[in-house]
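Student: I would like to learn how to read a protein model, one feature at a time. Could we work through an example together?

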Amino acid sequence: MRPELTRRTVLGMIAGSAAAAVTGVSAGTAHAAVPASPGVTYTNSIAEQRADPHIYKHTDGFYYFTATVPAYDRIVLRRATTIQGLTSAAETTIWTKHASGAMGAHIWAPEIHFIDGKWYIYFAAGDANNIWNIRPYVLESTAANPITGPWTEKGRIALPLNTFSLDATTFAVNGTRYLAWAQNDPAVGPGTNIYLAQMSSPWTITGTPVMISRPTAAWETAGGETVNEGPAVIQRNGKVFLTFSASATDANYCMGMLTASAGADLLSTSSWAKSAGPVFASNAATSQYGPGHNQFTVSEDGKSDILVYHDRNYKDISGSPLNDPNRRTRVQKIYWKADGTPDFGIPVADGLTPIRLSSYNFPDRFIRHWDYRAKIEANVAPLADSQFRVVTGLTGTGTVSLESANFPGYFLRHKNNEVWVEKNDGTALFAGAASFTARSGLADSAGVSYESYNLPGRYIRHYNYLLYVQAVSTATDRADATFYTQ
């Protein structure tokens, strides 16, 4: 938490309601439409003992999910009409490692893609007699339902450099398809780098690959490993964002990001800018360690981008991390900054994922905590200061409580009519002050308003950007007490 900063609007705010000069309407009635990306929540984890996850939403209404299994001996696939449904969906083994020779060991990081009317699975595999002779391979299926197959082995992706290589993924930008992967080049140094090449078919690259990322920073080489791996791509606002994982696969594991313009020459190293540090990393407060090897999907309504990744819920590992089976698949919503770049926030605590609450009449401002005081503010950093889990109220069923995402166990509560974020002390007084009844938005039924449990008739509302619980009577009051979930 940080000291409070004094901020005054240059627009001339009237009792916390939107200034008429902004919208040309009377104070208290100015507001934005329902957010284009409304709140969406899931309950983590999605799948236990499933690392390197990949979830693909297809046009048939199903999500398809595959991941590395701890035995490293097969490729599994499950599907459901919702992301949460993948947790209980039946799992089918669609391919098993060879008993000898190539594709006989270390079956890692499968991904499922649908390209030109066919299904493809990209995965890495070692040889039965040389388990570290790891290379990328491709399976193909023409079936409508890839779970029932059959699958055909298209063989190894031929790379100019015949060395340790893995984590192949594919994406298209402006009609050109690319392959990105991780590979060791002894001439460059130890570990793995990220490479990119154009493709002439879903299993064939063409032209000369280019190395677009080499692990050199301390956050990319922690734990004694020099690692860039697990590339994944998401595109938005004319930009291509390529995330990757770095460092050892223990609590040091984290995500970095490369950014390029969609109109640039993606096969030029100079087109890519690397993040100065990790964009997603371990978080002791939420008990999430080693988040990474991510992919991207979209919410059921198609309006939210979803980060798919694995991590562990404990820090200390006995022996090699590769022998620890407990990396599990998790998901959470991605938010987008005003500058058009993704904000992944922190790996949130196990259980229900949090939401954000935007102001009805200041749509770019979100409820956040700052030095424990609750307020509304735009461009919140860090993101998690504006994320809250909507849980069963501390007073019981029928009410809700809003738990801080980055301070688990801390809740929005009122005292002296002000709203603060404080740690639950277990008392009835705290439970009552931190419990609210969620009502349809007082200014817009598509929104939400929170009525105090122990001060009925008083609602959470903003006034001069700070949050209070107060009685509402005017249009301005109702506007100030209405929020949208995002």
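This is a predicted model: local features need pLDDT of at least 70, side-chain atom pairs count only at pLDDT 80 or more; totals for chains, interfaces and linings use all residues.

Student: How do I read a sheet, and what is the order of the strands in the open sheet of four strands?

Tutor: In general, strands of a sheet pair through backbone hydrogen bonds, and the pairing is either parallel or antiparallel. Here the order is β14-β15-β16-β17, and the pairing is antiparallel. β14 (228-236) and β17 (273-274) are the edge strands; each has a single partner strand, so one side of each has no neighbour in the sheet.

Student: How many bridges pair β14 with β15?

Tutor: Seven bridges, in the antiparallel sense, with β15 covering residues 239-246. As one case to look up, Asn 228 has Ala 246 in β15 as its bridge partner.

Student: What should I look for in the hairpin of β18 and β19?

Tutor: Begin with the pairing. β18 and β19 (residues 305-312) run antiparallel and are joined by six bridges. Gln 295, for instance, has Val 308 in β19 as its bridge partner. Then turn to the six residues between the strands of this hairpin, where Gly 302 takes a positive phi near 75°.

Student: Why is β18 described as largely enclosed by the rest of the structure?

Tutor: Strand β18 (residues 289-298) has 10 residues and nine of them are buried, so the rest of the structure largely encloses it.

Student: How are cavities found, and how many of 30 Å³ or more are there?

Tutor: The general idea is to roll a probe the size of a water molecule over the atoms, which shows where empty space is left. The count here is two cavities of 30 Å³ or more.

Student: Which residues line the second largest cavity?

Tutor: Val 40, Gln 332, Lys 333, Val 348, Thr 353, Pro 354 and Gln 387 line it. The second largest cavity holds about 40 Å³ of space, and its lining divides into three nonpolar, three polar and one charged residue.

Student: Is Thr 437 buried or exposed?

Tutor: Compare its relative accessibility with the cut-off: buried means under 20%. Thr 437 has 17%, so it counts as buried. Thr 437 lies in strand β31 (residues 436-440). Setting aside neighbours within four places in sequence, its contacts are Gly 398, Thr 399, Ser 449, Tyr 450 and Glu 451.

Conventions
Residues are numbered from 1 along each chain as its sequence is written. Side-chain values use heavy atoms; hydrogens and water are left out. Two strands pair if DSSP finds at least two bridges between them. Helices (H or I, at least four residues) and strands (E, at least two) are DSSP runs, numbered from the N terminus. On a 1 Å grid over the protein atoms alone, a cavity is a set of points where a 1.4 Å probe fits but cannot get out, and a pocket is an open set with protein on both sides within 12 Å along at least five of seven lines; lining residues have an atom within 4 Å of a point. Grid points are joined across faces, edges and corners, and a volume is the space filled by probe spheres set on the points. Ala, Val, Leu, Ile, Met, Phe, Trp, Tyr, Cys and Pro count as nonpolar, Asp, Glu, Lys and Arg as charged, and the others, Gly among them, as polar. Buried means under 20% relative accessible area, exposed over 50%, partly exposed in between (1.4 Å probe, protein chains only). Contact means heavy atoms within 4.5 Å.
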